[in-house]
Amino acid sequence: MRQLTYRAATALVRRHRRKITFAGVGGTCFAVQYLLLTSLMVAGVRAPIANAVGIAVSAQLNFTLSSLLTWKDRPGGSPRRVLGRLLAYNATAMTALCVNTAVFTLAYRTAGISAAAAAGVAAGMVFNYAGSNHLVFRGHRPGLRG
């Protein structure tokens, strides 16, 4: 088996930087969501409400970190354009949640809970990445307003 050299590893990371950063941002936001969920539940908040708060806060943090880290090479520009991106991001995230739920629902009876959950997360993540990359954080094109 061929050993991966430092130069080859660096080139691989550079080539996939955006995907690696996307995964790191997602993991960080999941940790924040889970921390909020569990903290609010310990404080006496009902689980569905605590989960909703965790998701809402996590989604806004994800947008911010995605803007600053994952798609930092595609600046937002004017406040109006950033607001448009924020709204588009939240729509994309909600749709990704629907994709996740649909895949889970279709798969859990035959694949089991864990496999269905993993498939749902994977499908939602792919949808979220594609939507963010091609719609929400697309590069600014000259001649377009906003």
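## Helices and ground rules

Helices here are DSSP runs of H or I with at least four residues, numbered from the N terminus. Val53 is found in one of them, helix H3.

A word on the model: it is predicted, so local features need pLDDT of at least 70 and side-chain atom pairs count only at pLDDT 80 or more, while totals for chains, interfaces and linings use all residues. Residues are numbered from 1 along each chain as its sequence is written, and side-chain values use heavy atoms, with hydrogens and water left out.

## The salt bridge

A salt bridge is a side-chain nitrogen of Lys or Arg within 4 Å of a carboxyl oxygen of Asp or Glu. The count comes to one: Arg18 and Asp73 meet through their side chains, at 2.9 Å from N to O. This pair links distant parts of the chain, 55 residues apart, with Arg18 in helix H2 (residues 17-42) and Asp73 in the loop between helix H3 (47-70) and helix H4 (79-111).

How accessible are the two partners? Arg18 counts as buried at 16% relative accessibility, whereas Asp73 is partly exposed at 46%. Buried means under 20% relative accessible area, exposed over 50%, and partly exposed in between, using a 1.4 Å probe and protein chains only.

## A nonpolar patch

On the surface, Ile49, Val53 and Val57 form a nonpolar patch with about 230 Å² of accessible area together. Nonpolar patches join side chains within 5 Å, from residues with over 30% relative accessible area and no salt bridge. Val53 is partly exposed, at 34%.

## Toward the start of the chain

Gln3 lies in the segment before helix H1 (6-15) and is exposed, with a relative accessible area of 69%. Its C-alpha atom is separated by 40 Å from that of Tyr108, 105 residues apart along the chain.

Key:
Helix = DSSP H or I, 4+ residues; strand = E, 2+ residues; numbered from the N terminus. Patch = residues over 30% accessible without salt bridge, like charges linked within 9 Å, V, L, I, M, F, W, Y side chains within 5 Å. Areas by Shrake-Rupley, 256 points an atom, 1.4 Å probe, with all protein chains shown as cover.
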